[in-house]
Amino acid sequence: MSTTSLTSRPGASVRPAAGRPARRARRRGPSTWLAAPALAFFALFALVPLLGVVVLSFMSWDGLGTPQWAGTENWSAVVADPVARNAFVLSVKVTVFSWLIQAPLSLLLGVFMAGRQRYRAVLSVLFFLPLLFSAAAVGIAFKSLLDPNFGVGSALGVDWLAKDWLGDPSLALGVVLFVIAWCFVPFHSLLYQAGVRQIPVSMYEAARLDGAGTVQQFFHITLPQLKYTIITSSTLMIVGSLTYFDLIFVLTGGGPGNATRILPLDMYLRGFRSYDMGTASVVAVFLVVLGLAISLGLNRLSGANRMDSQMEGA
């Protein structure tokens, strides 16, 4: 039995061998094997079905018979289809305007809710009510409220409110954007509220001692400290905009005409109304690629791939 540790002088520091700190730092943190169950479920329930959809996009299938190989015929048909191109343009509009509406509202409301107002708790309860309702329930409720015959406008006798909001092609998309914002602004405000509460109070106290007002504190402390929250919230908003389906399906069904037929609705209508699983799979693959590209682009532009953890020791 030996050697170094038993013969060292008491209190003497033991110098680590060269390269040991680096190896110790790499060992720090949870083992990679902890992610194995999640990766297995992801592969089984996400990657395998996605691979099946990619294969189906090259086949002709009505959902009942035997799929027949069709080559690139489905892809050519979707690219040349004006309905699909219109769905792509509408999806881009919904994505852009959803972010422009939701991002500033969520940020301002989240900052406000993180304050110490006496009535903040009551407002928070009322404000977060949309989070308790399903998208289908919200769609049915707004469809009834906006009905030109027995909705709110007709009941109150307000002419401008008694329009056929969901039946007019020039108004339907705006109504859809409003209802989407009503549903999801509370969720993103909750993210901003949590982010603001993580900002050290000492930073605001120092700013006040230097004479900074509320607006200056917001732009020079709150906004920079919420950088990662803004990136996370914006990514959820933009990528989530590509998956809106149930709410729009209940509200308008993609109509009137094709005024609100975004890509997820176009995929559903092709697959389960027209029984053309091949072209529906093409739209599905396109949605996946578009979502991944936007997510990666946001991470690149925002520098999120260089994020450093703020957890001590992480």
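Biologist: Over the ring of which residue does the charged end of K163 sit?

Modeller: This is a predicted model. In it, the charged end of K163 is placed over the ring of W165, at 5.7 Å from the ring centre.

Biologist: How many aromatic pairs does the structure hold?

Modeller: There are 12 aromatic pairs in the structure. To read one, consider the distance between the ring centres and the angle between the ring planes. For F58 and W75, the centres are 6.0 Å apart and the planes stand at 35 degrees, so this pair is tilted.

Biologist: Which parts of the chain does the pair of F58 and W75 tie together?

Modeller: F58 belongs to the loop between α3 (36-56) and β1 (59-60), whereas W75 belongs to helix α4 (residues 73-80); the parts tied together are 17 residues apart in sequence. F58 is partly exposed, with a relative accessible area of 25%, and W75 is partly exposed as well, at 26%.

Biologist: Are the rings of F88 and F286 stacked or edge-to-face?

Modeller: Their planes meet at 65 degrees and their centres are 5.7 Å apart, so the pair is edge-to-face. This pair links distant parts of the chain, with F88 in helix α5 and F286 in helix α15 (residues 277-302), 198 residues apart. F88 is partly exposed at 33% relative accessibility, and F286 is partly exposed at 37%.

Biologist: Which residues form one aromatic cluster?

Modeller: One aromatic cluster is made up of F245, F249, Y268 and F272.

Biologist: Is S91 buried or exposed?

Modeller: Here one compares the relative accessible area with a cut-off: under 20% counts as buried. S91 has a value of 4% and is therefore buried. S91 is part of helix α5 (residues 82-113). Leaving aside residues up to four places away in sequence, S91 touches I262, L263 and P264.

Biologist: What is the volume of the largest pocket?

Modeller: The volume of the largest pocket is about 590 Å³. It is lined by 17 residues, of which A114, G115, V196, Y204 and Q217 are the closest to the centre. The elements giving two or more residues to this lining are α5, α9 (169-197), α10 (201-209) and α11 (214-225).

Biologist: Which element gives the largest share of the lining of the largest pocket, and what classes of residue does the lining have?

Modeller: The largest share comes from α11, with five residues. By class, the lining has nine nonpolar, five polar and three charged residues.

Note on methods: Residues are numbered from 1 along each chain as its sequence is written. This is a predicted model: local features need pLDDT of at least 70, side-chain atom pairs count only at pLDDT 80 or more; totals for chains, interfaces and linings use all residues. Side-chain values use heavy atoms; hydrogens and water are left out. Helices (H or I, at least four residues) and strands (E, at least two) are DSSP runs, numbered from the N terminus. Buried means under 20% relative accessible area, exposed over 50%, partly exposed in between (1.4 Å probe, protein chains only). Contact means heavy atoms within 4.5 Å. On a 1 Å grid over the protein atoms alone, a cavity is a set of points where a 1.4 Å probe fits but cannot get out, and a pocket is an open set with protein on both sides within 12 Å along at least five of seven lines; lining residues have an atom within 4 Å of a point. Grid points are joined across faces, edges and corners, and a volume is the space filled by probe spheres set on the points. Ala, Val, Leu, Ile, Met, Phe, Trp, Tyr, Cys and Pro count as nonpolar, Asp, Glu, Lys and Arg as charged, and the others, Gly among them, as polar. Rings of Phe, Tyr and Trp (its six-membered ring) pair if their centres lie within 6.5 Å; planes under 30 degrees apart count as stacked, over 60 as edge-to-face and the rest as tilted. A charge sits over a ring if NZ of Lys or CZ of Arg is within 6 Å of the ring centre and within 35 degrees of the ring normal.
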